[in-house]
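The following exercises concern a single protein chain. Please work through each solution step by step with the structure in view.

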Amino acid sequence: MTDAPDAAACAALATQLEGLLRLRTLPIGMKLFTDAAGFDAVPGLRRPAAGRRLSTCQLVTQARIAGFTLGITHDDVPAFSNCGGVIGLNEPSDLYLSGRKMEGVWFENRAAAAAHQAQMPRVAPGHHGLVVSPLRSARLDPPDICLFYANPAQMILFINGLQWRSYRRFDFSVTGESACADSWGRALRDRAPCLSLPCYAERRYGGVADDELLMAMPPADLRVAVEGLQGLSKAGLRYPIMPYGPQADPAAGMERSYAGKA
């Protein structure tokens, strides 16, 4: 693994990623703070309006679409949500851990709801706040993780980029509801690339589109993937993927990609 890129390097990588994959929205960074001083010192930091609370997926959407740099603490997330517990701003209460909260909603019975909570990836509690900001702003130096939304075709090419120089097999998790645990929750905890299928709440409250997937990863992996995407592009493997035709003989296309490999 290469050394972690700083804020300026992440900004440059984000610009390259946008061009290589033609992303609809901005790649963003996310950083946890254990103290108020570091949290408050982030340049251009916005906070939720007095008396308003925001889910983490709403925070992410404002950063990736409007370009805001936003920060939340425990007091800014909805008291009835999983948000604070996923990102380490609080410790989930018995209401969640027992399964009572989601029993009869997302799960038929309390045992299934409790199992969902027990297996959910979470950051350990004890953090003061979380800040989300577009990577191009270079305001998080460095971000803990980088995130972007993309369609399935863009996302598989990104994964191919991660594998281009040094192959790794990736196994991604699916929590179901509270899918943010599979993306920024797991990536913040494990510092590893994490792909997720955005859940109902992310789509209803965060405005995630039907065709969007979410990737979260450490900055070093963003660099690996961008360099891999550049290598794939030189080999003619790039986005958008031009359809060859389901009834055409694929030999000519494959000969072009695999010339001299017979």
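**Exercise 1.** Determine in which helix T61 lies, and whether T61 counts as buried or exposed.

*Solution.* Step 1: T61 lies in helix α3; helices (H or I, at least four residues) and strands (E, at least two) are DSSP runs, numbered from the N terminus. The model is predicted, so local features need pLDDT of at least 70, side-chain atom pairs count only at pLDDT 80 or more, and totals for chains, interfaces and linings use all residues. Residues are numbered from 1 along each chain as its sequence is written, and side-chain values use heavy atoms, with hydrogens and water left out.

Step 2: Buried means under 20% relative accessible area, exposed over 50%, and partly exposed in between (1.4 Å probe, protein chains only). T61 counts as buried because its relative accessibility is 13%.

Step 3: Contact means heavy atoms within 4.5 Å. Not counting residues up to four places away in sequence, T61 touches A66 and G206. A polar atom of the T61 side chain lies 2.4 Å from the backbone oxygen of G206.

**Exercise 2.** State in which sense β2 and β3 pair, and which residue of β3 is the bridge partner of T73.

*Solution.* Step 1: Two strands pair if DSSP finds at least two bridges between them. Strands β2 (residues 70-73) and β3 (residues 129-134) are antiparallel, with 4 bridges.

Step 2: The bridge partner of T73 is G129.

Step 3: On β2, L70 and I72 point one way, G71 and T73 point the other way, and all are buried.

**Exercise 3.** Identify which residues touch the most other members of the largest nonpolar core.

*Solution.* Step 1: A nonpolar core is a set of buried Ala, Val, Leu, Ile, Met, Phe, Trp, Tyr and Cys residues joined through side-chain atoms within 4.5 Å. In soluble globular proteins, nonpolar side chains tend to be buried together.

Step 2: The largest core has 31 residues, and those touching the most other members are M30, I87, L130, I145, L147, W184 and L188. Helix α3 gives the most to this core, with 4 residues.

Step 3: Leaving aside neighbours within four places in sequence, M30 is in contact with residues including V60, L130, I145 and W184. A second, separate core of 26 residues includes L135, F148, M155 and L213.

**Exercise 4.** State how many helices and strands the chain has.

*Solution.* The chain has 11 helices and 6 strands. Of its 262 residues, 49% count as buried.

Note on methods:
Polar contact = N/O pair within 3.5 Å; in protein donor to acceptor, adjacent residues only side chain to side chain.
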